[in-house]
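Reader: I have a protein model open on my screen. Please show me how to read it, one feature at a time.

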Amino acid sequence: MNPEPCADAGGDAGAAGAVPALDVVGVTVAYDASPVVWDASLSLAPSRLMAIVGPNGAGKSTLIKACLGILPRIAGRVRVFGEDPRDDPSRVAYVPQRTSVDWDFPATVLDVVLMGTYGRLGWFRRPGAKQRAEVLAALEQVEMEDFADRQIGELSGGQQQRVFLARALVQDADLYLMDEPFSGVDAVTERAIVGLFKSLRDRGKAILAVHHDLATVAEYFDEVTMLSRAVVASGPVGRVFTRDVIEATYGGAIGAVRASGDDGRNEP
Ligand SMILES: Nc1ncnc2c1ncn2[C@@H]1O[C@H](COP(=O)(O)OP(=O)(O)O)[C@@H](O)[C@H]1O
Ligand SMILES: [Mg+2]
């Protein structure tokens with residue numbers, strides 16, 4: 001531990017004194033008149049993997065986008081390594097919910113992953129041989145190297161998900177925001193993605209991912225934020241992920257959620 005004179009307010013992320021990778025305080029977001037996320041707070045330290053868990057319409061995607069600083073907030077504050085997230089977007093990699101992406105745009109797998117290098121290059125330089133090599137290495141990590149020249153729209157859901165992960169990898173960010181990274185992927189891909197998350201975490205990265213399978217929260221993640229418009233609880237899985245908290249988040253409907261293996265498309 002650093003004998004650092006630190007703020008005594010101390011979050012519960014386990015890294016007293018360190019600047020959190022992500023610090024969300026009292027964030028309220030509305031698209032129209034009425035807020036869809038109320039007064040949400042969470043703190044994520046570097047080298048930690050956090051799940052956001054909650055029913056459909058709980059505001060999970062909204063909260064993730066608010067962390068990027070791209071949604072207007074009615075109230076609250078978001079800091080990424082102590083800064084406004086818009087100040088240095090290259091530190092944050094975002095993988096959107098797959099169903100929210102238009103897959104008809106004409107781009108190859110290579111193009112899509114190359115886009116991940118733009119943040120570091122700046123807009124005026126074109127990616128060169130070095131960037132292409134990084135892209136191919138990232139595609140290898142997600143076992144998609146044989147698909148580099150394929151159109152993105154021709155791939156299966158799980159393959160598209162792998163491509164977006166490769167794009168996040170080449171971005172070499174410090175904070176990863178992933179919206180339902182396991183949706184539409186098979187069991188083997190899910191294991192591969194979890195392995196990738198853990199290796200990113202072990203290299204000091206912070207990862208926040210929307211997750212739907214209550215049965216694997218404790219195995220995959222260090223921390224969890226339970227969201228139902230408001231944050232029901234947030235912190236280490238061992239402390240937060242209790243039956244009472246799960247029931248409070250899902251309004252007592254957990255039997256149904258567990259049984260359906262909720263993929264985020266079924267309305268509760
Ligand atoms: N672009 C938008 N405009 C208006 N309402 C939206 C928009 N996106 C989401 N919402 C509403 O905000 C609420 C939370 O949505 P969302 O964050 O997508 O939930 P989740 O990801 O937990 O399923 C829902 O009621 C949804 O209908
Ligand atoms: Mg969502």
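Author: We start with the ground rules, then take the features in turn.

Author: Residues are numbered from 1 along each chain as its sequence is written, and chains are lettered from A and ligands numbered from 1 in the order in which they are written. This is a predicted model, in which local features need pLDDT of at least 70, side-chain atom pairs count only at pLDDT 80 or more, and totals for chains, interfaces and linings use all residues.

Reader: How many helices and strands are there in the protein?

Author: Helices (H or I, at least four residues) and strands (E, at least two) are DSSP runs, numbered from the N terminus. The protein has ten helices and nine strands.

Reader: What percentage of the residues count as buried?

Author: Count the other C-beta atoms, placed from the backbone, within 10 Å of a residue's own: 20 or more is buried, 12 or fewer is exposed, and in between is partly exposed. Of the 268 residues here, 40% count as buried.

Reader: And what about contacts between residues at least 6 apart in sequence?

Author: Two residues are in contact if their C-beta atoms, placed from the backbone, lie within 7 Å. Among contacts between residues at least 6 apart in sequence, 68% join residues at least 24 apart.

Reader: Which residues surround ligand 1?

Author: A residue is near a molecule or strand if its C-beta atom, placed from the backbone, lies within 6 Å of it. Around ligand 1 you find Y31, V36, G54, N56, G57, A58, G59, K60, S61 and T62.

Reader: How do the residues of that shell divide?

Author: Ala, Val, Leu, Ile, Met, Phe, Trp, Tyr, Cys and Pro count as nonpolar; Asp, Glu, Lys and Arg as charged; the others, Gly among them, as polar. The shell around ligand 1 has three nonpolar, six polar and one charged. Helix α1 (residues 60–68) gives the largest share of this shell, three residues.

Reader: Is α1 enclosed or open, and which of its residues are buried?

Author: Eight of the nine residues of α1 are buried, so the helix is largely enclosed by the rest of the structure. The buried ones are K60, S61, T62, L63, I64, K65, A66 and C67. Just after α1, G69 takes a positive phi of about 75°.

Reader: Where else is phi positive, in residues other than glycine?

Author: Most residues other than glycine have a negative phi. Look at S47, with phi near 65°. S47 lies in the loop between β2 (35–44) and β3 (49–53). It has 18 C-beta neighbours inside 10 Å, so S47 counts as partly exposed. Look also at E180, with phi near 55°. E180 sits in the loop between β6 (175–178) and α6 (187–202). E180 is buried, because 25 other C-beta atoms lie within 10 Å.

Reader: What does L177 touch beyond its neighbours within four places in sequence?

Author: L177 lies in strand β6. With 25 other C-beta atoms within 10 Å, L177 is buried. Leaving aside neighbours within four places in sequence, L177 is in contact with I64, C67, L68, V92, Y94 and L208. Take I64: 113 residues separate it from L177 along the chain, yet their C-alpha atoms are 6.6 Å apart.

Reader: And Y176?

Author: Y176 is in strand β6 too. Y176 has 25 C-beta neighbours inside 10 Å, so it counts as buried. Not counting residues up to four places away in sequence, Y176 touches A93, A168, L200, K205 and I207. Y176 and A206 are 30 residues apart in sequence and 6.2 Å apart in space, C-alpha to C-alpha.

Reader: At what angle do α4 and α5 pack?

Author: Axes are lines fitted to C-alpha atoms, for helices over the stretch in contact, and angles run from 0 to 180 degrees between N-to-C directions. Helix α4 (residues 129–141) and helix α5 (residues 157–171) pack at about 130°, with axes 9 Å apart. Under 35 degrees is roughly parallel, over 145 roughly antiparallel, 65 to 115 roughly perpendicular, and the rest oblique. So α4 and α5 are oblique to each other.

Reader: Which residues meet there?

Author: From α4 come E134, V135, A138, L139 and Q141; from α5 come A166, L169 and V170. The residues of this contact divide into six nonpolar, one polar and one charged.
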